[in-house]
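These entries record what I looked up in the model shown here. I kept them in the order in which I made them.

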Amino acid sequence: MYDLSSIIIKDNPVILGIESSCDETAAAVIRGRKLLSSKIISSATEQAKFGGVVPEIASRAHTEAVDEVVRQAVEEAGLTLKDIDAVAVTYGAGLLGALLVGLSFAKSLAYTLNVPLIAVNHIRGHMAAAYLVDEELKPPFITLLASGGHTAILHTKTYTDFEILGGTSDDAAGEAFDKVARVLGLSYPGGVNVERLALNGENSVPLPKCQVKNTQVLQFSYSGLKTAVINYCHNKEQKGEEVDKENVACSFQHAAVDPLVKNAVALALKLGVKTVTAGGGVIANGYLRATLEEECKKAGLKLILPEKKYCTDNAAMIAAEGLIQYKAGNFAPLSINARAQIPLK
Ligand code: KG4
Ligand code: ZN
């Protein structure tokens with residue numbers, strides 16, 4: 001019988017994280033805030049043939065990979081399943097069929113081992129990745145979050161409470177990168193390919209920066225910028241002129257990234273918060289990382305930046321958020337269901 005009544009909450013528990021919200025099947029093991037292993041089996045190459053993630057293919061790939069990726073993560077950590085104190089798993093947001101694979105696996109593992117199941121919001125996972133970079137990191141801090149589905153600036157006040165200082169009113173930053181990649185004829189996954197192309201380009205194409213409206217919370221808007229890129233390319237084509245794709249990629253990158261960095265730093269200074277962190281796939285962007293580092297340094301802010309592989313989807317971040325929830329005693333019932341969408345807060 002599944003009975004957690006005699007569970008002792010440890011200071012440095014061993015937590016297995018499992019992530020399967022999109023096209024990466026991932027597992028990772030942490031002990032306290034120390035990362036012991038992180039493994040990913042990705043179906044991105046298969047998805048690339050279709051120009052994006054096909055949910056059915058993702059679900060099937062997760063089913064084939066989940067057992068193996070967990071086995072690898074536990075082995076690389078030098079542990080056995082018996083050493084695991086809790087299983088943390090993404091329960092949303094994401095593709096329902098894909099989420100269900102990881103969630104069902106985590107439930108059965110938690111049940112078999114008689115350990116707590118921790119249901120993690122994927123985005124909270126991205127926010128928690130920074131905890132593994134610096135074991136001393138404590139709230140308060142400002143987080144620049146930019147992924148395929150979210151763009152936000154957040155103020156983490158305690159381990160379990162945060163305030164949204166800024167968000168997007170239309171596309172997320174990652175979505176804009178992916179759409180511009182498609183316009184430029186680049187293959188999936190788009191963001192990293194735009195970055196590669198931009199390396200040899202110049203910031204010479206006149207594009208409007210991603211818009212920022214200063215309402216009660218800052219509102220970023222990417223749809224105008226995306227349309228400007230599309231119009232620029234179409235105009236050139238109609239005139240029979242060649243589109244300098246490298247310059248378009250570079251100019252777009254500046255227009256998409258600069259306002260995010262500028263506002264994250266400005267908000268930290270305004271609120272007197274001394275530490276800035278970042279998370280989400282777009283934070284793997286080299287230009288964004290360099291700009292954020294430079295601006296934080298200029299402003300005298302401490303920047304905690306996860307390695308690129310912990311910005312894009314991974315399970316180490318899920319385990320990290322699992323640790324926060326474990327310490328808060330926030331365990332999920334085995335009846336918990338996956339959710340395609342979860343509000344940021
Ligand atoms: O966090 P993530 O891996 O998945 C979501 O939770 O959405 O973010 C994926 C997004 C995609 O839109 C992808 O194009 C973007 O992050 N991305 C990048 C880079 N690497 C991933 N965007 C810009 N530059 C990159 N190097
Ligand atoms: Zn993600």
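This is a predicted model: local features need pLDDT of at least 70, side-chain atom pairs count only at pLDDT 80 or more; totals for chains, interfaces and linings use all residues.

**Entry 1: the surroundings of ligand 1.**

I then looked up individual atom pairs. The side chain of His126 has an N or O atom 2.9 Å from an oxygen atom of ligand 1.

How much of the accessible area of ligand 1 does the protein cover? On its own, ligand 1 has 550 Å² of accessible area, and the protein covers 85% of that. I also checked the pockets, and the largest pocket is the space taken by ligand 1.

**Entry 2: peptide bonds.** I noted first that most peptide bonds are trans. I found a cis bond from Gly92 to Ala93, with omega near -15°. Ala93 belongs to the loop that runs between strand S4 (86–92) and helix H3 (96–113).

I found another cis bond from Pro139 to Pro140, where omega is near 5°. Pro140 sits in the loop between helix H4 (122–133) and strand S6 (141–146).

**Entry 3: a positive phi.** Most residues other than glycine have a negative phi. I recorded Asn114 with a positive phi, near 55°. Asn114 is in the loop between H3 and strand S5 (117–121). Is Asn114 buried, partly exposed or exposed? I class Asn114 as partly exposed, because its relative accessibility is 25%, which lies between the cut-offs of 20% and 50%.

**Entry 4: cysteines.** How many disulfides does a search of the whole structure find? The search finds 0 disulfides. For Cys233, which is in no disulfide, the nearest cysteine sulfur is that of Cys250, 14 Å away. Cys233 counts as buried because its relative accessibility is 2%, and buried means under 20%.

Cys296 is likewise in no disulfide, and the nearest cysteine sulfur, belonging to Cys311, is 14 Å away. Cys296 has a relative accessibility of 1%, so I class it as buried.

Technical notes:
Residues are numbered from 1 along each chain as its sequence is written. Chains are lettered from A and ligands numbered from 1 in the order in which they are written. Side-chain values use heavy atoms; hydrogens and water are left out. Helices (H or I, at least four residues) and strands (E, at least two) are DSSP runs, numbered from the N terminus. Buried means under 20% relative accessible area, exposed over 50%, partly exposed in between (1.4 Å probe, protein chains only). A disulfide is a pair of cysteine sulfur atoms within 2.5 Å. A polar contact is a pair of N or O atoms within 3.5 Å; within protein, one must be able to donate a hydrogen and the other to accept it, and residues adjacent in sequence count only if both atoms are side-chain atoms. Accessible areas come from the Shrake-Rupley method with a 1.4 Å probe; for residues, only the protein chains shown count as cover. On a 1 Å grid over the protein atoms alone, a cavity is a set of points where a 1.4 Å probe fits but cannot get out, and a pocket is an open set with protein on both sides within 12 Å along at least five of seven lines; lining residues have an atom within 4 Å of a point. A molecule sits in a cavity or pocket if more than half of its atoms lie within 2 Å of its grid points.
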